[in-house]
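Today I opened my notebook to look at how parts of a protein chain sit against each other. Here is the entry, with the structure up first.

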Amino acid sequence: MKRAVVLGGSIAGLYAARVLSDHADEVVVLEADDLGEDGTGRGAPQRQQLHALLSMGHTHLERWFPGITGELVAGGARLGTGPEVQFYVDGALKAPVPELRMLGASRPFIESRVRRRVMALPQVRFLHGRAHDLLFGDGRVRGVRYSAADGTPDTEGPTSELDADLVVDAMGRASRLGTWLLRAGWEQPPQRRMRIDLGYATAVFRRGDELPDTVVAHASPGPASGYQPTLSEPGAMVAVEDDRWMVVLAGYTDHRPGRDPADFLARMRRCVPPLHEVADRCALLGDIQTFHFPESRRRDVTRLRRFPGGLVAVGDSLASVNPIYGQGLTLAALQASCLSAYLRAGAAPHAPAWDYFRRAAVVVDAAWQLSATADLAQPHVNGPYPRGYRFARWAVDKLTEASVLDSGVNQAFMDVVHMRRHPKALTRPQVLARAARVLATR
Ligand SMILES: Cc1cc2nc3c(=O)[nH]c(=O)nc-3n(C[C@H](O)[C@H](O)[C@H](O)COP(=O)(O)OP(=O)(O)OC[C@H]3O[C@@H](n4cnc5c(N)ncnc54)[C@H](O)[C@@H]3O)c2cc1C
């Protein structure tokens with residue numbers, strides 16, 4: 001390709017730009033906000049929330065940016081392994097998984113290092129501006145219409161056009177791809193939605209030597225509490241750069257955490273011991289940041305009969321699921337790997353990218369299946385129910401109970417939670433038999 005254009009320069013756009021630098025003479029990343037090389041710019045509103053990087057996301061981060069873990073650790077990130085990574089369900093600590101590794105770093109820190117790597121690629125050029133429409137011709141997208149940033153990001157000033165062999169939509173949840181397709185006479189991809197009404201709040205604490213053997217602690221409600229956040233306080237904390245803890249609390253409907261520090265600390269004390277300890281011993285730094293996440297949603301491009309060539313979508317534009325399961329960064333990385341596999345297989349960029357969308361649908365299905373099965377356990381979430389939901393619910397409950405007691409079952413469970421394996425791996429006879437044995441002898 002002569003030129004590929006990526007719309008959106010956040011995490012999914014950066015991964016896509018890295019992949020495209022192997023296939024195009026020039027890659028232009030068009031980003032509406034001034035993100036700042038150090039990651040302190042405005043950007044996506046959720047960037048200041050705690051972001052956990054799942055193990056598969058970490059693997060693909062290293063795949064596309066070799067040596068970046070060492071760079072992040074040298075800059076103050078922590079790398080947690082085995083018992084330093086603690087998962088609790090209904091207040092009980094799950095059996096440790098020796099092989100599990102998780103990176104302790106804030107999202108702006110990870111993203112700033114990724115951005116630096118992408119900026120250093122000779123094929124890649126960053127353009128500060130907002131995309132307003134796609135340009136179509138000969139049954140394909142042939143470029144983009146955009147306005148250069150002028151400090152008023154939501155008003156459309158004079159616009160310019162940029163030709164491209166391939167355009168990547170990485171504009172996140174705010175993407176207007178469907179509207180742009182409709183306007184040009186194409187069908188818009190059907191959207192699947194699940195209303196979850198989730199509230200999130202993140203606080204930052206000074207980190208000392210209070211918990212030297214903890215990098216990640218994560219607490220979620222499980223079968224014993226009927227998955228009720230009101231009975232088993234969900235939360236997580238991660239040791240991040242600059243000697244800080246990031247702590248997140250979550251809740252649904254009117255149990256959403258707020259900005260009041262006293263209330264936040266009280267909720268931390270109702271959560272698992274590491275969060276309780278940080279609340280008691282560490283100083284709160286700055287304000288508490290809240291976020292409301294009304295619904296999970298995905299665009300099903302593979303259900304369309306017609307789609308223009310020269311166009312793909314990655315990241316939250318394609319699928320954005322309940323952030324409690326920490327899948328977004330990993331999905332963006334996996335989709336970039338799908339794009340790479342698609343282009344390496346010799347795809348013609350001007351043709352409809354069906355094969356890319358089919359590959360991406362496999363990872364999105366996996367993430368969706370996992371989060372939807374868990375979300376449907378909440379009384380206020382009323383569908384849509386996937387086929388086989390009742391059996392999936394029963395099996396997940398049993399596996400969750402067994403994973404508290406047995407490292408082998410927990411390993412299988414964590415492989416799926418961390419997207420190293422497809423959820424169907426949990427229905428393997430060896431896993432089910434082991435879980436049954438563990439539960440029979442407890
Ligand atoms: C509260 C919360 C907590 C989360 N926690 C986790 C977690 O723990 N782990 C995890 O893996 N994921 C988490 N996620 C999900 C994660 O934040 C997203 O999946 C991820 O940000 C998706 O990246 P993206 O690049 O697709 O979109 P975004 O990060 O939203 O970026 C989209 C970019 O496109 C730009 N843009 C938009 N419109 C235009 C335009 N017209 N022209 C040019 N540029 C444009 C925006 O400025 C922005 O920079 C969380 C999400 C939320 C809401």
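My notes on the domains and one interface follow.

I started with the ground rules: this is a predicted model, where local features need pLDDT of at least 70, side-chain atom pairs count only at pLDDT 80 or more, and totals for chains, interfaces and linings use all residues. Residues are numbered from 1 along each chain as its sequence is written, and side-chain values use heavy atoms, with hydrogens and water left out.

I looked up the division of the chain and found domain 1 (3-45 + 112-192 + 298-373), domain 2 (48-109 + 194-295) and domain 3 (387-440); the bounds come from an automatic or database domain assignment.

Next I took domain 2 and domain 3, whose C-alpha centres lie 23 Å apart. Their contact (heavy atoms within 4.5 Å) involves 16 residues of domain 2 and 18 residues of domain 3.

I then checked buried area, meaning the accessible area (1.4 Å probe) that two parts lose on being put together, summed over both. Domain 2 and domain 3 bury about 1500 Å², with 62% of it on carbon and sulfur atoms. On the domain 2 side, Lys94, Ala95 and Val97 supply 31% of the area buried against domain 3, more than any other three residues.

Last, I asked which side chains form the salt bridge (a side-chain nitrogen of Lys or Arg within 4 Å of a carboxyl oxygen of Asp or Glu). I noted one salt bridge between domain 2 and domain 3, and I found Arg420 meeting Glu99 in a salt bridge at 3.8 Å, N to O.
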